[in-house]
Amino acid sequence: VGRRAIPPRLLACVLSGNVPAPALQSLVAGLLVGAPVFMKASSSDPWFPTLLVRSLEADAPLFQGAAGCAVWPGGSLELEASLFGHAEVVVAYGSQETLRSIQSRLPSSVRFVARGHRVSIAYLAREALERNRAVELAKALATDVAIYDQQGCLSPHLVLVETGGELEPEAFLELMLDVAPTIQGALPVGRIDPEQAARAMQLKGVYAFTGDVREAGGFTVVLTSERTFSPSCLGRVLLVRPIAGLEDALDYLEPVAAHLQGVALAAVEPRRTWIAERLAGLGAGRICPPGALQRPPAAWGGDGRPVLGDLVRWASLE
């Protein structure tokens with residue numbers, strides 16, 4: 001008696017163009033389970049997955065012909081029907097609208113793995129806001145924000161800061177601005193498209209009336225007390241919200257729990273474990289110290305799902 005993991009005859013990956021990591025993880029995961037992989041690259045970033053496949057073929061002859069990549073405009077139904085018709089598993093990244101559209105065009109026999117839109121946050125417990133550690137904490141959090149300019153699912157959009165610590169939320173906000181030029185020097189701001197720039201200007205205009213918008217070193221930090229959370233407009237725009245404690249945070253995050261991905265958590269035991277477990281129960285799939293959020297281990301599966309387990313089917317040999 002035994003069980004065998006059976007790889008798909010073809011793994012098809014539909015990539016988004018916001019960050020490069022999914023292309024690498026999809027390719028490696030498919031090859032690890034023994035499946036040929038074909039990636040449909042995004043027209044907004046066709047180069048990384050294409051060069052990734054070419055590098056594999058050049059440097060690893062064993063995988064010659066095991067991977068392929070192409071790019072075409074979204075909605076090219078004939079091309080996609082051909083790909084989906086040959087695939088046994090389809091992994092897709094994108095908005096909920098994109099994922100629904102892809103799933104509606106898949107044959108019923110194709111297993112669909114959806115990697116939808118997610119957001120991440122930071123949580124700073126009051127006991128972690130010690131003055132002698134605050135600068136390093138601010139640098140770590142600013143680095144998480146700067147990597148990919150908030151375009152990834154592990155990019156923090158919001159910082160929940162408990163009141164009552166050595167540093168109050170307003171003081172930590174100012175510290176973030178102090179370290180921003182250092183981060184900008186190491187990780188310059190990337191290209192910002194006109195639509196994103198317009199959203200940033202609109203947000204700054206709204207908060208300018210309350211005097212809660214501060215800018216430095218390519219960062220915009222906004223102090224907010226609003227009861228409803230919505231992601232920032234990207235481009236290193238970070239919302240800072242004071243909270244009384246964990247229950248306040250959970251109430252605030254409950255409406256977006258289904259989209260919560262990662263939490264950069266700064267806390268001290270035993271509260272750290274308690275806070276982490278409550279946030280995991282809410283829906284967070286990755287909880288780690290600030291500065292590590294954008295560097296998940298290779299075995300971490302997005303959305304709290306297994307990297308390899310979603311790709312195979314299991315056969316029982318009796």
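Predicted model: local features only at pLDDT ≥ 70, side-chain atom pairs only at ≥ 80, totals over all residues.
Local features need pLDDT of at least 70 and side-chain atom pairs count only at pLDDT 80 or more, while totals for chains, interfaces and linings use all residues. Residues are numbered from 1 along each chain as its sequence is written, and side-chain values use heavy atoms, without hydrogens and water.

Helices (H or I, at least four residues) and strands (E, at least two) are DSSP runs, numbered from the N terminus. Five strands form an open, parallel sheet in the order β4-β3-β2-β5-β6. Strands pair if DSSP finds at least two bridges between them. β4 (67–71) and β6 (111–115) each have a single partner, so one side of each lacks a neighbour in the sheet. The twist averages 15° from one strand to the next. Strand β5 (residues 89–93) runs parallel to β6, joined by 5 bridges. In β6, phenylalanine 112 stands opposite valine 90.

Helix α4 (residues 96–104) lies across β2, β5 and β6, at about 175° to β6. Axes are lines fitted to C-alpha atoms, for helices over the stretch in contact (heavy atoms within 4.5 Å). Angles run from 0 to 180 degrees between N-to-C directions.

Helix α8 (residues 246–253) is mostly covered, with 6 of its 8 residues buried. Buried means under 20% relative accessible area, exposed over 50%, and partly exposed in between (1.4 Å probe, protein chains only). The buried residues of α8 include Leu246 and Tyr252.

Arginine 313 lies in strand β14 (residues 313–317). This arginine 313 is partly exposed, at 42% relative accessible area. Arginine 4 is 309 residues away in sequence, but 8.3 Å away in space, C-alpha to C-alpha, from arginine 313.
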